[in-house]
Amino acid sequence: MDSIAIKEIVELARPNIIAEHGYVYSDKSLNVINEPQVKTIRLSTLKSLVELLNKECDEFTSPIIIHVEGPCSVTVHTGVSEADRQREIPYCVSPDIPVISFDRKMEYENMMIGLKSKFVETPELKELVRLLGTITEENNMQIADDGFTQTVTVRKGIAIKGNRAVNPIVKLKPYRTFLEIDQPESEFLVRLFEGGYVALFEADGGAWKLNARNAIQDYLSKSLSEHIESGTVIITA
C-alpha cells in the first residue's frame with residue numbers, strides 16, 4: 001500500500017467538523033479525556049474537615065464549594081476544571097452518632113438507658129428519666145363477695161407511683177448531628193403502654209434538620225472565615 005492510500009485512510013478516520021449558523025457539527029463521536037482526580041477522603045468530624053482545607057485549599061481549583069446536604073452529610077466540591085468541565089469531590093463528612101429508636105415501643109428500662117446515653121442532659125431530660133423511674137407494672141385482681149353476688153375487679157397495665165401527671169410533649173436534644181455543634185432541640189410525644197412499654201414520637205415535623213444545617217453552616221463559616229473572605233471557599237446549605 002502506497003503512501004497516498006495510507007494518507008487517504010488517515011484522512012477518512014478523522015472527524016469532519018463543520019460550523020453552521022452558530023452550531024458546530026461532527027460526523028463522529030468525540031470523547032473528552034478527563035483530567036485525573038483525587039480519591040475522596042471520608043471524614044467523621046467538621047474539625048478534621050477544617051484542618052484539611054486549611055492545609056490543602058490551594059491544591060484545588062477554586063472556588064471550593066462546601067455543600068451542607070443535611071444534618072449528617074457535608075460534601076466538598078472543587079471549582080470547575082477548564083479542561084473537562086468536571087468538579088472533584090475531595091472530602092465527604094458524616095458524623096459517628098448513635099442509633100436512636102423513635103416511633104416504636106421500648107421497655108421502659110431500655111428507654112431510660114437510651115435517654116441517658118444518647119441525649120444531651122437537659123432539665124426536661126432529667127424530669128423524663130425521673131418520671132420513667134416511677135413506673136410500676138400492675139397485674140392484680142380484687143374480689144368482693146357478700147354471699148349473694150361476687151364482684152371481680154381486674155387491674156392490669158402500668159401505673160405511675162404517686163399519681164403524677166404525664167406531660168405528653170417534651171423538648172429533648174438527641175445526638176443526631178455533628179458533635180461540634182449544639183444538638184438541635186425538638187419536641188417529642190411521650191406515650192406509655194401496657195406491659196411497661198414507652199415510646200417517643202417525633203413531633204416537630206423535621207424542623208430540627210433545618211436548624212442543624214444552619215448550625216453546621218455557621219460553624220464552618222466561622223472556622224473558614226479567611227478563605228470565605230478571599231473568595232476561595234463558598235458554603236451553601
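Predicted model: local features only at pLDDT ≥ 70, side-chain atom pairs only at ≥ 80, totals over all residues.
Phe102 is buried, and so is Phe119.

Searching the whole structure turns up 3 aromatic pairs. One of them joins Phe102 and Phe119 edge-to-face, with 6.4 Å centre to centre and 85 degrees between the planes. Phe102 sits in the loop between strand 6 (91-93) and strand 7 (106-107), while Phe119 sits in the loop between helix 3 (108-118) and helix 4 (123-133), so this pair ties together parts that are 17 residues apart in sequence. Together with Phe188, these two residues make up one aromatic cluster.

**Charges over rings**

| Charged residue | Ring | Distance to ring centre |
|---|---|---|
| Lys105 | Phe193 | 4.6 Å |
| Arg176 | Trp208 | 3.9 Å |

**Backbone points to check**

Most residues other than glycine have a negative phi, and most peptide bonds are trans. With that in mind, a few spots deserve a look.

Ser62 and Pro63 are joined by a cis peptide bond, with omega about 0 degrees. Pro63 belongs to the loop between helix 2 (46-56) and strand 4 (64-70).

Arg85, a residue other than glycine, has a positive phi near 60 degrees. This arginine lies in the loop between strand 5 (73-77) and strand 6. Is Arg85 buried or exposed? Its relative accessibility is 59%, so Arg85 counts as exposed.

Asp103 also has a positive phi, near 60 degrees. Asp103 is placed in the loop between strand 6 and strand 7, and at 42% relative accessibility it counts as partly exposed.

How values were computed: Residues numbered from 1 in each chain as written. Heavy atoms only, no water. Phe/Tyr/Trp six-rings, centres within 6.5 Å; stacked < 30°, edge-to-face > 60°. Helix = DSSP H or I, 4+ residues; strand = E, 2+ residues; numbered from the N terminus. Buried < 20%, exposed > 50% of the residue type's maximum accessible area, 1.4 Å probe, protein only. Lys NZ or Arg CZ within 6 Å of the ring centre and 35° of its normal.
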